[in-house]
Amino acid sequence: MADPPQRRIPSPQWLLVLPALALLAVILLVPLGRSLTYSVDAPAWTLDHYTALFTDGVTLTVLARTALTATIVTIVAVLLGYPYAYLMTRVGPRLRGLLMVIVLVPFWTSVMARNFAWIIILQRGGPVNSFFKLFGWDLVLYESVAGVTIAMSQVLLPFMVLPLFSALSGIDRRLLLAARGLGSHPITAFWKIYWPLSRGGVVAGLILVFTLSLGFYVTPALVGSPQQSLVAQLLGQRTTQLLDFPGASALGILVLVVSLALVSWANRFGGTISAIGVAASTPTNAPTKDRP
Amino acid sequence: MTATQIATPRAQRRVRGVDPVPWWLKLIGGVVGLYFVLPTLFVIPMSFSTATTFQFPPQGFSLKLYENFFTNPVWLDALRNSVVVATLASLLATVVGTAAAVGLHNLRGRLARFARTVLMISMVTPAIVIAVAVYISFLQWQLVGTLAGYVLAHAAIGVPFVLVSVTSALGGFDARLLRAASSLGATPLRGFVTVTMPLISRGVITGAVFAFVTSFDEVVIALFLRSPALQTLPVQMYNSVTVEIDPTIAASSSVVVTAVTLICLVLQFVGGRRKSS
């Protein structure tokens, strides 16, 4: 009513958006765009740097190891995250608030403090090693893929729990009671009714955790073994040590494209990214839908 | 209306009786909850150790590591650099991010959606990809190892936090208030300062704090931008694990974890009070 719809001049509101756009364009988009040109230009237009990624044995091994680690982390996250998110929908508001704060603890815990703690916990002579020694098993998880998996799952679990909680709290539990009342076994009732309704949240969480695990740098570098590096370490090494900018750029673009494709796929199952942004910025005000 | 209000608690009680939370679910919840807080539980006792290695359990009890953290110039410089970088990055991200959120609030269409995506891009881009791309470009622009380099890179990754929290604060904002202000003779700027700003201040503060914490804790980009003359606290902590084996990291970790937790609690408290009043 106030504005004529056929206005051609850009709205003055754009002046407010411009500084932020300029900052992001210069600091992120230009460097990412230059990565793209580096990766296909040496000196003539070529895809060699990309084909090299898939023919070089070292890169292939690292890519496979990264995908495997990400898969295991994702499975651990859903196995632990599903019951936790389900429990959150079943308890009273106060306990739910507490459980929500606990989920967000990994977000607050400083990256370096957390990784330092995992070194302490997993190192030789640390609590995990001492515990298994009681049973005569000298297990050291420090500098192992298993150790990296444990440390990564802990910090990625919130990304599973938050979308799952928002999916699960939208399910009317009386459906389950109705199924039970009609003579269904609890497991059948869960599998036929609850699980299909929760699947959107599960898929969103799975994709999100998998995607985020692909880019982990500090945890595999500190908790893992240098002989078993993941793709982020390879990327760092190619950039700062080998100064192979075209090769590193191609690898970086590959990781970026895979990540963005997966995240936009996850977004189809609900506004995951924005939901997590909101939940993270207002710890206990996150969606808490009560049953009617 | 009254009937349902009376019936609801009774119905819930009945549901709980038929459908209790099984004990094994509580057990799993407890174990997973412990897993979330486990690292924090180990860091704090380590910080009072007298040992010169990372051995666990910590030996003795002293404040030696804290003393070293707050007196050793290497740690103190790193802490100061981090505070300076995070303050400037948060300030820059908050100013441009708030302006963008206010601007985008009234903009519709594909271009506006695209602009929002561009501003949020760092949230979905792996930090290592940003770090490598930024490092290669900053080498040419001679920003590696400079204060400006750290501040610009950290401000860019801080913008999404400001954008999200200010946008959600604007969600409940009634645009008619601004029209009322301008009909009473307020300039757009005055309208913004006296009407919009007080109503979205909580979102702005939340965004600023998150941008600060994100920069203060950021390690991947900082590792690539570091120089011997200028490095941030997380980079010094990284060095203390990889190069120096310096247990002062335990004290540093405890200080950072405590500070960030306090900031979050204060934010929560302020937010909660505003909301209830």
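A salt bridge is a side-chain nitrogen of Lys or Arg within 4 Å of a carboxyl oxygen of Asp or Glu. By this rule, the structure holds 5 salt bridges over all chains. This is a predicted model, in which local features need pLDDT of at least 70, side-chain atom pairs count only at pLDDT 80 or more, and totals for chains, interfaces and linings use all residues. Residues are numbered from 1 along each chain as its sequence is written, chains are lettered from A and ligands numbered from 1 in the order in which they are written, and side-chain values use heavy atoms, with hydrogens and water left out.

The account may begin with the fold of chain B. Its secondary structure comes to 12 helices and 0 strands, where helices (H or I, at least four residues) and strands (E, at least two) are DSSP runs numbered from the N terminus. Of the 277 residues in chain B, 50% are buried; buried means under 20% relative accessible area, exposed over 50%, and partly exposed in between (1.4 Å probe, protein chains only). Two residues are in contact when heavy atoms lie within 4.5 Å. Among contacts in chain B between residues at least 6 apart in sequence, 69% join residues at least 24 apart.

In helix 3 (residues 64-71) of chain B, Leu65(B), Tyr66(B) and Phe69(B) are buried. They lie on the same side of helix 3 of chain B, because they cover an arc of only 100° around the axis; the arc is that of the directions from the helix axis to the C-beta atoms. An α-helix has 3.6 residues a turn, so residues three or four places apart point the same way.

Helix 4 (residues 73-105) of chain B contains Asn81(B), which is buried at a relative accessible area of 12%. Apart from neighbours within four places in sequence, Asn81(B) is in contact with Leu230(B) and Gln231(B). Helix 4 of chain B also holds Arg80(B) and Asp77(B), 3 residues apart, about one turn of the helix. These two residues form a salt bridge, with the closest N and O atoms 3.5 Å apart. Asp77(B) is partly exposed, with a relative accessible area of 35%.

The side chains of Asp56(A) and Arg238(A) meet in one of them (3.4 Å, N to O). This pair links distant parts of the chain, 182 residues apart: Asp56(A) is in the loop between helix 2 (48-55) and helix 3 (57-90) of chain A, and Arg238(A) is in helix 11 (residues 231-240) of chain A. Asp56(A) is partly exposed at 28% relative accessible area, whereas Arg238(A) is buried at 11%. Arg124(A) forms another salt bridge with Asp138(A), at 3.1 Å between the closest N and O atoms. Arg124(A) is exposed, at 54% relative accessibility.

Finally, the two chains meet. In this interface, 86 residues of chain B are in contact with 84 residues of chain A. The area buried between chain B and chain A is about 7,600 Å², of which carbon and sulfur atoms give 79%; buried area is the accessible area (1.4 Å probe) that two parts lose on being put together, summed over both. Helix 2 (residues 23-46) of chain B gives the largest share of the side of chain B that touches chain A, 15 residues. Across the interface of chain B and chain A, the rule finds 0 salt bridges.
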